Amino acid sequence: PVMYSRAIRRLAYLAFGSGALTLGSLQAVPWALETYNSRRGYEPPSKRDKTLNQLMDAPLKSREEQLASLANQNGPEFDVLIIGGGATGCGCALDAVSRGLKTALVEKYDFASGTSSRSTKLIHGGVRYLQKAVFNLDYEQYRMVKEALGERANMLHIAPHLTKPLPIMLPIYHLWQLPYYWVGIKMYDLVSGTQILKPSFYLSKSRALEYFPMLNKNALKGALVYYDGQQEDARMCLSLGLTAAKLGASVANYCEVHSLLKSVDPATGKEVLTGARVVDNMTGKEFTVRAKCIVNATGPYTDSVRLMDSPSKPGIVAPSAGVHISLPDYYSPEMMGLLDPATADGRVIFFLPWQNCTIAGTTDTPCTVSDSPHPAEEDVKFILHEIKHYLSPEIVIRRGDVLSAWSGIRPLVTDPNKQDTQSIARNHIIEVSDSRLITIAGGKWTTYRQMSEEAIDTAIEVAGLQPKGPCRTSGLMLLGAYNWSPNLFIRLVQEFGVEPTVAKHLSCLYGDKCLDLIRLEPLSGHRWPVVGKRLHPNYPYLESEVRWACQEYACRAIDILARRTRLAFTNVHAAAEALPRVVAIMAEELGWSDEKCREEFKHCKRYLQHEMGYNLKLVERRRHPINLSSEEVADLTKKFRSIDSDNKGFITLSDMERFFKDSDHRLEPHQIREIIDEVDLNRNGRIEISEFLQYMSATKSGFVGSSRFKHVLGDSSAANYKKPQQDARIPVDRSGGGL
């Protein structure tokens, strides 16, 4: 009771500025929090704007038209040029154009290609930040949590098709944890005030296992469940940019700022920014964008743009790498996440259902800024080791179950008084340079709108801009949200003959625009589904999505596989299998030559290999020891020689084709080459006996997941078949093929 009373008093002190809060006055807290919101000027999301709704139905300008608008030297200059096409940059563009300012935005890669598409997919206030706020009496931390919870409510309103409330479980394995976590979670509810999603609640051991049957039941005492939001981050960011474009902003991806332009301000006699030299990375064409004000919203690249303005400036961003992994969907329930609040090194691990798989992460490691951040095997092992503590011993946590792995760079704001990035809060800062470069840095996904509002407010003040009204982004519905409802997918099923799984995916990704997209899909040639040809048989992404994405400024194959669809994030091997078809469709839409197709194929393959973890396990497998008994070695050597019919000492593509022709399994030539690539560690196009034994040992240990090659070898002849013993352990199976 003493601990609860102290914690509540501390929260009250932070919220209301008084040192005490009696138990009798707790009933007044929701009203007081609502009053606190109104004092800060927060308004609930507004109703739909019919004029904006009409603009959303207008055709989207082509990328060529956007580039022409940016490079136009005859018309009036832009009020604001925003550098960076992530969440904050696109949020700034939407904020500025919705106020009536002439707005431009450039991004050197694709929209959301960096940190904004590599998040934990949560819309949250930050439970651990609230803990620091209460126990350290840190008002800034409290204010950040409060602000984020308000922004969480706004995001759920403006893009209901891309967001949803998600229950997250905190399993309790020690009785002392129950009151400690209960107080913390109830405080989280309390700070949410009237914007609470759903109240948190306690579950007994039996009920917890009913909700999350994969939990380790040994020593489980019960569980607490609280609610946060979940989003499709890449599409959310793109929707911000597209909505801004619909409202009149000139936006272009793959346009890189090479230098900032300055001239002397007659009023002050000082040099001020007047524009930027920009290069279209798709064509190499260089042009000038003239603007009264420039906003630097480049996330991890913040300091590089600041150095363009003033080479002597010290850095203000401390980049930190966060690694996530994707696992099969059977690792978690469909609608329940899991939070590990105290890992071995003090970090927090989330374990969440997303896009028909399970994502786990994240790590928090200081790093350097890179155009192609890649996950480290040590981080993958750390995440697997941590989730192992919470999952049932019946579930074998296998390295081979990792379907994808990626790393994102968080642009944390440096605090000179702290050394480790784990303790740095994601507060944002706004800096105005002598030449009027406005830098918005730090923050997190959830607070992008508030950050954008403050950045544009600063731009208006510094550059003397004349907006037509105040900020309008609170409650401003995004593209696809105006006429969406949770039952819209049923219309796709009934009117167009789309599979229900695919229809739900289209509805929840494109909102009401799914009705326009599905009209691009030709007949399937089957009685059911009537339309809907998938890019990959195991995932709901359609070929028409590629054509639609080309209209939404997708320029490269990886734009499709990593951000317009999330196939690279959910299963990198499936993405590699879908790549040839994606390239072929984009070639039809964008008029690519054969040489361009080959270039895109290689570029996308490199991305999958290095940034999505495709090659991650290959490097580690070279170090994997051969752990086979003498009998197993003898049996496998015999099988190897049966495929290597002329005793060359290695297996070639011809040997494999002959082997599969004689077996009951029929594979296409490209599928056989994929199998060779799985085994071929030396990358010389053939399988040697050492590679063969090493691969079979890796499948035995679970380092390699379900293997087509092993399956075929086991069925190749009755003589080689061994009936499993009754007490033999049945390995955990999975679909899709992992890293």
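Lys 102 touches Pro 76, Glu 77, Phe 78, Asp 79 and Val 80, leaving out residues up to four places away in sequence; a contact here means heavy atoms within 4.5 Å. Lys 102 is found in the loop between helix H5 (87-98) and strand E2 (103-106). Helices (H or I, at least four residues) and strands (E, at least two) are DSSP runs, numbered from the N terminus. With a relative accessible area of 32%, Lys 102 is partly exposed, because buried means under 20% relative accessible area, exposed over 50%, and partly exposed in between (1.4 Å probe, protein chains only). The C-alpha atoms of Lys 102 and Ala 291 are separated by 9.1 Å, although these residues are 189 residues apart along the chain.

The structure is a predicted model, in which local features need pLDDT of at least 70 and side-chain atom pairs count only at pLDDT 80 or more, while totals for chains, interfaces and linings use all residues. Residues are numbered from 1 along each chain as its sequence is written, and side-chain values use heavy atoms, with hydrogens and water left out.

The chain as a whole may now be considered. The secondary structure of the protein chain comes to 27 helices and 20 strands. Of its 739 residues, 56% count as buried. Among contacts between residues at least 6 apart in sequence, 73% join residues at least 24 apart. The protein chain exposes about 31,700 Å², of which carbon and sulfur atoms supply 53%; such areas come from the Shrake-Rupley method with a 1.4 Å probe, and for residues only the protein chains shown count as cover.

What does Asp 309 contact beyond its neighbours within four places in sequence? Asp 309 is in contact with Leu 260, Lys 262, Leu 273, Ser 433, Ser 435 and Leu 437. Asp 309 lies in helix H11 (residues 302-309) and is buried, with a relative accessible area of 7%. A polar contact of 2.9 Å joins the side chains of Asp 309 and Ser 433. A polar contact is a pair of N or O atoms within 3.5 Å; within protein, one must be able to donate a hydrogen and the other to accept it, and residues adjacent in sequence count only if both atoms are side-chain atoms.

The aromatic residues follow. Rings of Phe, Tyr and Trp (its six-membered ring) pair if their centres lie within 6.5 Å; planes under 30 degrees apart count as stacked, over 60 as edge-to-face and the rest as tilted. By this rule the count comes to 11 aromatic pairs. Trp 445 and Tyr 448 form an edge-to-face pair, 5.7 Å centre to centre with 80° between the planes. Trp 445 is buried at 11% relative accessible area, and Tyr 448 is buried at 3%. Phe 659 and Phe 660 also form an edge-to-face pair, 5.4 Å centre to centre with 70° between the planes. Ring pairs link Trp 176, Tyr 180 and Tyr 181 into a cluster.

UniProt, in an unreviewed entry, places the feature "domain: EF-hand" at residues 631-666 and 667-702; its annotations may be inferred rather than shown by experiment. The end C-alpha atoms of residues 631-666 lie 30 Å apart, and the span is 64% helix and 6% strand. For residues 667-702, the end C-alpha atoms lie 24 Å apart, and the span is 67% helix and 6% strand.
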